[in-house]
Amino acid sequence: MGYVGLPLSLQFARSGAHVLGLDIDSTKVEALNAGRSYIKHISPGDIKTLVERKAFRASTDFSQISSVTAVIICVPTPLNRNREPDISYITETGKALAPHLARGALVVLESTTYPGTTDEDLRAVIEQGSGLKAGVDFHLAFSPEREDPGNPSSVVASIPKVVGGYTPACLAKAVELYSLAIKTLVPVSSCRAAEATKLLENTFRSVNIALVNELKLVYSAMGIDIWEVINAAKTKPFGFMPFYPGPGLGGHCIPIDPFYLTWKAREFGQHTRFIELAGEINTAMPEYVVNRLAEALNERSKAVRGSRVLILGLAYKPNVDDDRESPSYVLMDMLSERGAIVSYHDPYVPVIRPTRDHPQWAGTRSVPWERSAVQQHDVVLIATNHASVNYPQLVEWATCIVDTRNTLAAIPTKPGQVWKA
Ligand SMILES: NC(=O)c1ccc[n+]([C@@H]2O[C@H](COP(=O)([O-])OP(=O)(O)OC[C@H]3O[C@@H](n4cnc5c(N)ncnc54)[C@H](O)[C@@H]3O)[C@@H](O)[C@H]2O)c1
């Protein structure tokens, strides 16, 4: 019942299916059954209506799987400390559901992962735990999620969905299921082809973002504004698609998923050089931003050490409350290591929850959006450009702003006030 599973469940419930939302997190389950939402862009009203209509309910009880005809798995697929795939959430879920799986049921994996996860790893744990055979006693398929959080036109029902089955009968079953809730389905020949499709989509983004991040540095050295160039290039009606530079990659997908492919490719003696290079360029971005901020302070005869820095935007992209893998944390770490006194403002993240990689920020609160609070800082660093922030006010209140998103392009500013980074 996370960012992927919840909206998908609601879409099925809206379409007439009876949906059981399973999660190991009982606080989420309680919230859902009480008609509350814990994701900013999902309305509590929607959940409440569907719960009242008995089209949707949540539970932590896996034994209820015995009464369902299809199970869709949408659990996390992170990287471990050595940046290797951690598919333990998938295999744990497979083990938990296997003893309860009804003969003839369909199991679909949606979590982004390397080709082979569904028909090797997941199949093995389900077959072992259930005594049933995939393709004979139960159906097995993979269908990647294409959720675009924060994009108001990204409606689950209207995003075409790729589906691959373990056998042709598995594919037919999965297509039948998704046809209930999704308008356009794109069947492919296997689970692996569907898994590989998702990795192509995410690698494509990572590589293109790296390209514009590199060009940002090159053009900046030449005195050319990369955003002006992209805006001009995107007027080309064919053969070009705009990507935008930023302070580094964030979110649960783009910084992580391509490395699932890198890991699996090694098994076949293959190297993913584009993925490695894109990762290198994208992870170097926070350092570039911090150096630009140091230059901006230097221009005012100030050092990073002892300066007060306000990070504006903690979520990894505009208009969402998702702070997973956000480059803002890397910026905060780097600045505080250099002696800056760091605070942040994010209307959607009032307080920082504990994170594995940046535990020192847990409990830190967003500073209020007030003139006196903003003016206490030597520099404001725009890391994420939420639309709800009042930027004309920022320009009035702050003397020095480092802008990684071209947020202030259309707002009149004073000479030397804004540093693009
Ligand atoms: N967030 C996105 O925009 C997005 C887009 C496309 C694909 N994906 C992929 O979808 C998958 C899920 O991502 P997400 O963003 O929804 O993650 P999430 O962390 O928001 O949700 C995962 C949920 O799974 C639950 N969970 C963990 N282990 C479980 C278990 N054993 N049994 C039942 N529930 C369990 C967690 O409590 C959590 O609620 C990932 O593979 C991700 O890469 C995410």
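1. Leucine 217 belongs to helix 7, residues 191-221, where helices (H or I, at least four residues) and strands (E, at least two) are DSSP runs numbered from the N terminus. With a relative accessible area of 35%, leucine 217 is partly exposed, on a scale where buried means under 20%, exposed over 50%, and partly exposed in between (1.4 Å probe, protein chains only).

2. On conventions, residues are numbered from 1 along each chain as its sequence is written, and side-chain values use heavy atoms, with hydrogens and water left out. Since the model is predicted, local features need pLDDT of at least 70 and side-chain atom pairs count only at pLDDT 80 or more, whereas totals for chains, interfaces and linings use all residues.

3. The whole structure holds 20 salt bridges, a salt bridge being a side-chain nitrogen of Lys or Arg within 4 Å of a carboxyl oxygen of Asp or Glu. One of them joins arginine 192 to aspartate 119, at 2.9 Å from N to O; this pair links distant parts of the chain, as arginine 192 is in helix 7 and aspartate 119 in helix 5 (residues 117-130), 73 residues apart. Are the two partners buried or partly exposed? Arginine 192 is partly exposed, at a relative accessible area of 32%, while aspartate 119 counts as buried at 13% relative accessibility.

4. Arginine 192 also forms a salt bridge with glutamate 120, and here the closest N and O atoms are 2.8 Å apart. This pair, too, links distant parts of the chain, with glutamate 120 in helix 5 and arginine 192 in helix 7, 72 residues apart. Glutamate 120 is partly exposed, with a relative accessible area of 33%.

5. A further salt bridge brings together the side chains of lysine 264 and glutamate 267, at 3.0 Å from N to O. Because these two residues are three residues apart in helix 9 (residues 257-267), they are separated by about one helical turn. Lysine 264 counts as buried at 5% relative accessibility, whereas glutamate 267 counts as exposed at 52%. Asp119, Glu120, Arg192, Lys264 and Glu267 are linked in a network of salt bridges.

6. Histidine 358 sits in the loop between strand 9 (341-345) and helix 13 (371-375), and with a relative accessible area of 14% histidine 358 is buried. Apart from its neighbours within four places in sequence, histidine 358 is in contact (heavy atoms within 4.5 Å) with Tyr329, Val330 and Asp333.

7. The ligand is surrounded by 24 residues, the closest being Val4, Asp23, Lys28, Thr77 and Thr112; a residue is counted if one of its heavy atoms lies within 4 Å. Threonine 77 has a polar side-chain atom 2.5 Å from an oxygen atom of the ligand, and arginine 324 has one 3.0 Å from an oxygen atom of the ligand. In the side chain of threonine 93, an N or O atom is 3.1 Å from a nitrogen atom of the ligand. Taken alone the ligand exposes 840 Å², and the protein buries 91% of that.

8. Helix 1 (residues 5-14) is largely enclosed by the rest of the structure, because nine of its ten residues are buried. Among those buried residues are Gly5, Leu8, Gln11 and Phe12. The buried residues of helix 1 pack against several elements, including strand 1 (19-22), helix 2 (26-33), helix 3 (44-52) and helix 6 (168-179). Just after helix 1, glycine 16 takes a positive phi of about 105°.

9. Leucine 177 lies in helix 6 and is buried, with a relative accessible area of 15%. Which residues is leucine 177 in contact with, leaving aside its neighbours within four places in sequence? They are Phe12, Ala70, Ile72, Leu106 and Val108. Leucine 177 and phenylalanine 12 are 165 residues apart in sequence, yet their C-alpha atoms are 9.4 Å apart in space.

Definitions and conventions: Polar contact = N/O pair within 3.5 Å; in protein donor to acceptor, adjacent residues only side chain to side chain. Areas by Shrake-Rupley, 256 points an atom, 1.4 Å probe, with all protein chains shown as cover.
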